[in-house]
Amino acid sequence: MTELFFHNTLKRAKEAFTPIDDQHIRIYACGPTVYDRIHVGNARPVVLFDVLVRVLRHHFPKVTYVRNITDVDDKINARAAEEGVSIRQLTEETTKAFHVDCAALGAMPPDIEPRATDHIDAMITMITALITKGHAYEAEGHVLFQVDSMADYGQLSRRSLDELIAGARVEVTPFKKAPADFVLWKPSDDNQPGWESPWGRGRPGWHIECSAMSAAYLGEEFDIHAGGLDLIFPHHENEIAQSRCAHGTSMMARYWMHNGYVTVDGEKMSKSLGNFTRVADVLAKYPGEAMRYALMTAHYRAPLDFSMAGVAEAKSALDTLYRASANAEGDGKVDDGMLSALGDDLNTPNALARLHELARQANKGDAKAAANLKASAQMMGLLLSESSAWFQGDAADDDAAINDAIAARNEAKARKDYGEADRIRDELTAQGIALEDGPDGTIWRRI
RNA sequence: GGCCCAGUGGCAGAGUGGUUAUGCAGCGGCCUGCAAAGCCGUGUACAUCGGUUCGAUUCCGGUCUGGGCCUCCA
């Protein structure tokens, strides 16, 4: 079978993908903290790892894709208080909105979407194991992971303990044995969400949920763990520490894949900088598929500079593909060139280039190429609509009027009354309707 | 300060030690009543300075510029 290659952050190199069990691929991606609607930066991993999972499903008989929902977090508490709604209402509504955005982006739901609050017991069990094995300690109602209890801590982010301390940006808290130690469990006051535990009423630290939930659904060791570049440290580093120390394993995930940032004028798009655009705001202007395409135009590890103009350009490129695929006949075959591009560390720009090559063949009258184009694009989660729906939108009330106008124009053309024909066409153009005269008659589209 | 990434034609963005990326936009042609769409053609592109090499945009080193992580972050 085709060999797949992925860049592994653990090795900082591209490696051949060798599954732990080639009958069942297991992959985990970090999902959103549900306190606000996602922005374009959050959408990038959603779309790219969706492509990754589609590629894996194409090559392997079974894939289990887990993406969590973080529904316990101090940002959530703060936002709920700010808006005067309950935490549960905020997290549930935000989760629903997240699903709406994902669907618009053409991202298939993960197989399992666990919520942190449903797995508190598993986290407590794991923390208990870490204490028992001498990797964690309790202090003033907190439980902390003792970083120097792990000999090879820091492998993923390539950071040594000395560097961390030298960095001096780690939180210095009196009850920590060492500054780099991080929280597994912290106490909650009466106004904060909390659960009973051996250490009193409290709530989990940020990193432990992914360790507990990935183990619950994928096992102690699994194939791929994915997320944004900014999660390498501390989040993923600490997940590895917790998981390996609790389970006594030599690895957590075999491959670690990280997507690059979405930038705005060269700067990272982020909540704190305030330079973000919500996915919903893009969807108000452009189809979700154009947003999806735009996110696939850059390699997933490279920075992607976002602009509305970029989405507009993606829309134009999609128009080309939709036109070319319109005359598809029969069942198409997923293109090998596209598959090998995707199998080469998820090279979506090259895969899209291959789609455009198929489109050119299709436009020269190759119906087979058109069918292959459609099948290939759909494997990537593109060209999912009918071509007519893409160009004309859902059937609207004015469709009949447009068709009447086209008929009137064609009559005028038959009379060689081009003045009248052009007048009708100009009128439609003014309404945002473009006409194209082809061998099979006149077709129209919205512009 | 430590660690890390990037710099490609008007724009976006792949890739390669010597030969076409691809898309969007532009220009010329074909087609069309005219358009549109499509097809064909069209751009002395690889930050900079050295080194290795028969040959470097591609490898190595320095410089400059931009960005990121080290604190919540996709």
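This briefing describes the overall build of chain A, one helix pair and one residue. The structure is a predicted model. Chain A has 447 residues, of which 40% count as buried, and its secondary structure comprises 16 helices and 15 strands.

**Overall dimensions and domains**

- The C-alpha trace of chain A extends over about 90 × 55 × 35 Å along its principal axes.
- Three domains are assigned in chain A: domain 1 covers 5-259, domain 2 covers 287-391 and domain 3 covers 395-446.
- The centres of domain 2 and domain 3, taken over C-alpha atoms, lie 29 Å apart.
- Considering contacts in chain A between residues at least 6 apart in sequence, 72% link residues at least 24 apart.

**Packing of helices α10 and α13**

- Two packed helices are described by the angle between their axes and the distance between the axes.
- Helix α10 (residues 308-325) packs against helix α13 (residues 367-379) at an angle of about 130°, and their axes are 8 Å apart.
- This angle makes α10 oblique to α13.
- On the α10 side the contact involves L321, A324 and S325, while α13 contributes A370, L373, K374 and A377.
- By residue class, the contact of α10 with α13 consists of five nonpolar residues, one polar and one charged.

**Residue A353**

- A353 belongs to helix α12, which runs over residues 348-363.
- A353 is classed as partly exposed because 13 other C-beta atoms lie within 10 Å, whereas a buried residue would need 20 or more and an exposed one 12 or fewer.
- A353 and D74 are 279 residues apart along the chain, and their C-alpha atoms are separated by 44 Å.

How values were computed. Residues numbered from 1 in each chain as written. Chains lettered and ligands numbered in written order. Predicted model: local features only at pLDDT ≥ 70, side-chain atom pairs only at ≥ 80, totals over all residues. Domains from an automatic or database assignment. Helix = DSSP H or I, 4+ residues; strand = E, 2+ residues; numbered from the N terminus. Contact = placed C-beta atoms within 7 Å. Axes fitted to C-alpha atoms, helices over the stretch in contact; angles between N-to-C directions. Parallel < 35°, antiparallel > 145°, perpendicular 65-115°, else oblique. Nonpolar A, V, L, I, M, F, W, Y, C, P; charged D, E, K, R; others polar.
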